[in-house]
Every structure is written in structure tokens, then in C-alpha cells.
Amino acid sequence: MERPKLRRIHRSSLRRGEEALVVLRDPLLLCEPVAVDAQFGSLLDLMDGRRTVEQIRQTLMFQGVAVVSIVELRAFVQDLSADGWLEDERFRRRWEEIHTSFLKQAVREPYHAGVIYSETPEDLRRSLPPPKLCASGPGGDVVVGVVCPYQPFEISRNVLRPLFAQLPLPTQVDCVVVIATDHFPGLMPYALTAKPYRTPLGTVRVDAGCCADLIRRVPWLTREETRHRTALTTEMAALLLRHVYGGEGPPVVSLLCGQNVLAGSDESDEVEEMMAAIEAVFGGLRVLWWAMAELSHVGPAYGDELGVADLDDVRRLDRTYLDAFLPAVSPGRAATCLGGSTQLGGPPTGAPSLVTLAKVVPVGTLGHLAAYELVPVPGPTPGWAGLCGVHLTKQRRIRAGPGAEPLFV
């Protein structure tokens, strides 16, 4: 292409000994991750669709970054285009094919089975802690929500175990609303699919009525439905809910929350439109709000230089994030606490889901920390993720005596 434009992708720095690299990752998972020499970072910055290849070469030379031949530069641009990294006609055709194929599917098929978790039901059940369903949760109150991690089960098991020890009975829940972190920002803050999610343990049924009502009130919810095609968080939520409730569990609504939920969310017309629709659709139902969200993601694996010596600071920061839910859920405090730290890399990855969760749970909801761990993540590059399990409970109301007003206890 004459004026190459790099797609919206994830870029992170990586150092291997003396070698400095830039790692490109595609949030749409159309392209395999690729590492290029760090000196190409400036070149990638110049691929904004405004400059020709010749102008990019001249700018690199003028800035003293690199001297490359026009033939080599054109070959590099062609390679990026061939692999799907550029916003060009080749990518758009490829995307349209995948988009159309996904919309035609009646069921959302597993994408990460056999990679992030086992495809075998027996192995899955062994890797997951058994659930304990009970009429009351922490403090004897009804559980109306949870915050759940989405890391592979071998490193999240210690957080899942106490979280799964107190979950509501299926007869106490009309609908489960999954509020899941989406690592691809997208154009719209939220994306919904009405497709059932298939898992190795069986298919999770969808609440078709609630989905249709949401879409009627917020038509743009399905504009980016294809974001569900590769979403890890909603896939893990479906798998966990099938494990917890089996085939007779309550129906599910799966909602992805993009990072742009945080971009002026208090003033965003789309976010406020979504909050009004959620209140109208779910206001009269017994909803279990199931948030798939994690806290700090730090270390070279996530593009920063934090190491073991910084982990105590990370744990303290994660505690400030949790303060939005402990002991009482506060939407205002969530917006403040989840703003992040400039010293430690900004808001947690789960901030969009957590801010949304704080907005939608009933007034007076209490938070109970089931478990927290800062764990090393799998892979050759060091990195740590803050995992938490939180129960959210709605206080039961009692009457102090004949004719008295209901009191919360």
C-alpha cells in the first residue's frame, strides 16, 4: 500500500539479554505474535496512513534512527500487509470473511480449548475445585455477584477454591450476567452476543429474552459481536458456570467490556445508555453478576520493567483497587480507585468490568474478599498477575416488630 497504516494492535517491549525487541500482538487473534528489533519501533510509529513509504524512509534518516533502502522498506511493509498487520484491503477482506462466518454460527465454539485449558471433561473437572452451592453466603446474606479470575486453572485454583465454596443455589437466580474484561478496546464500550457458548463440559444456554430486550434498547450492542469470537474471559466464564451449575443452571447473558469504558465513562452517552438498559431489563430479576476481571498485570511480559523487588508495592496497589468493593460497593470510589497508578503502569486490566460491576449491583451491596494472590504467569518472560475472588452480597431485610419498617442486617 502506498501510505501504510498499522492496525490497532498491542505493542510491548521485550529484552533478551542484550537484545531489545518490540512484540506485536493482535487483539483480534488474526495474526500470530511477532517480535521485531526495537529499532523498528520508530518505523511502526510512522505507519499512520499519512506518509508514503518514501516519506517514512526520509523521516527515519532525518531523525537519525536508521538508514534503509527503499527496496528493503517496501519489502518490510509488504510482509506486514501479507501477515495482516496493516489496515488495508487485504486485512479488510480477511476480516469480513471471519466476521461473516462467526455471525452465521448458531453457537459460539470454544476458541482456547486445548491451549489455555484441557479439551477433556475429566481433566477439566480434576483441575477445578468442586463448587458448594448454598442458600446464603458470607455473613448469611445472599450472594448477588462475584469477581473471578480468568488465568489458567493451575495458577488460579487457590483463588477459585474459596470463591466456589459459597455460591447461590440455581433456584435463587433468574439470570447470570457475565461482565467480562475485553482486552481489545473496540469502537463501542460494550459488545453482546446472543449465541450460546459451547464448552467441553457442555453448552451454556443463553437468556434469549433478556438479550433481545437489551438489543432492542441498545441496538449498537451487536455492532461488534465478533469480539466474542476469541474472547478468553467470556469463554472461561461459560466454562466455570457450566462446571458450577451443570446443564440445569440459570440462563446467561455474556457482555464484553472494552477498555474504552474508562475513557470518560461518566460522560459517555453509550455507557449511560447501557446502564439505563441494564436497569430496565434486569431490575425485576434475581441476577447473579459474574465479573471476569483481574487486577495488576506487571513485569516484562506486560511491557514494563517491574520485577520481584516491586511486588510488595503491587500488592498494596491491588488492595487500593479492592477498596472499591470492600466492605461496601461504591461506584464513585470504583471510578477513583480503579484509575490506576502512573508509577505502576495505570489501571488494572479488569478496570472496565469492575467499574461496570460497581454501577449495576444493588445499592447496599457488600463485598467480601474470598482470596487474593499475586501469581507468576506462564511463559518465558517474567510477569505477575493480581488475582482476586470476591463475593458480593445483598443484605437481607427483617422487620424489627409488628408494623415496623424493614431493616437491613
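## Reading a predicted model by its definitions

Tutor: Start at one atom pair in this predicted model. The backbone oxygen of Ala180 lies 3.5 Å from a polar atom of the side chain of Ser353.

Student: Where is Ser353 found, and what does Ser353 touch?

Tutor: Ser353 is found in helix H12, residues 351-360. Leaving out residues up to four places away in sequence, Ser353 touches Ile179, Ala180, Thr181, Cys257, Met292 and Ala293.

Student: Cys257 belongs to strand S9. How do you know whether S9 is mostly covered or mostly open?

Tutor: Count its residues. Six of the six residues in S9 (252-257) are buried.

Student: What makes both faces of S9 covered?

Tutor: Look at each side in turn. Val252, Ser254 and Leu256 are buried on one side. Val253, Leu255 and Cys257 are buried on the other.

Student: How do you know that strand S5 pairs with S9?

Tutor: Pairing needs at least two bridges. Six bridges join S5 (residues 175-181) to S9. Therefore the two strands pair. They run parallel, and Val176 stands opposite Val252 in S9.

Student: Which way does strand S6 run against S9, parallel or antiparallel?

Tutor: Antiparallel, with four bridges joining S6 (residues 190-193) to S9. In S9, the bridge partner of Ala191 is Leu256.

Student: What makes S1 and S3 edge strands?

Tutor: First take their sheet. It is open, has three strands in the order S1-S2-S3, and pairs antiparallel. Strand S1 (10-16) and strand S3 (34-37) each pair on one side only, and they are the edge strands. Neighbouring strands of this sheet are turned by 35 degrees against each other on average, direction ignored.

Student: How many bridges join S1 to S2?

Tutor: Seven, with S2 covering residues 19-25. Leu14 stands opposite Leu21 in S2.

Student: Which residues touch the most other members of the largest nonpolar core?

Tutor: Tyr190, Leu214, Phe282 and Trp289, out of 51 residues. The largest share of this core, seven residues, comes from helix H9 (residues 269-282). A second, separate core of 35 residues includes Phe153, Ala180, Ala237 and Leu240. As a general point, nonpolar side chains tend to be buried together in soluble globular proteins.

Student: What is Trp289 in contact with?

Tutor: Neighbours within four places in sequence are set aside. Among the contacts of Trp289 are Val144, Val177, Ile179, Ile278, Phe282, Leu357 and Pro362.

Student: At what angle do H7 and H9 pack?

Tutor: At about 145 degrees, with the axes of H7 (residues 208-217) and H9 10 Å apart. Their crossing is right-handed. Cys210, Asp213, Leu214 and Arg217 in H7 meet residues of H9 including Glu273, Ala277, Ile278 and Phe282.

Student: Why does Ser81 count as buried?

Tutor: Ser81 lies in helix H3, residues 70-83. Its relative accessibility is 7%. The cut-off is under 20%, so Ser81 counts as buried.

Student: What makes the pair of Ser81 and Asp88 a polar contact?

Tutor: The limit is within 3.5 Å. The side chains of Ser81 and Asp88 meet at 2.5 Å. That value is inside the limit, so the pair is a polar contact. Beyond four places in sequence, Ser81 is in contact with Leu86, Asp88 and Arg90.

Notes. Residues are numbered from 1 along each chain as its sequence is written. This is a predicted model: local features need pLDDT of at least 70, side-chain atom pairs count only at pLDDT 80 or more; totals for chains, interfaces and linings use all residues. Side-chain values use heavy atoms; hydrogens and water are left out. A polar contact is a pair of N or O atoms within 3.5 Å; within protein, one must be able to donate a hydrogen and the other to accept it, and residues adjacent in sequence count only if both atoms are side-chain atoms. Contact means heavy atoms within 4.5 Å. Axes are lines fitted to C-alpha atoms, for helices over the stretch in contact, and angles run from 0 to 180 degrees between N-to-C directions. A nonpolar core is a set of buried Ala, Val, Leu, Ile, Met, Phe, Trp, Tyr and Cys residues joined through side-chain atoms within 4.5 Å. Buried means under 20% relative accessible area, exposed over 50%, partly exposed in between (1.4 Å probe, protein chains only). A crossing is left-handed if the near helix is turned anticlockwise from the far one by less than a right angle, and right-handed if clockwise.
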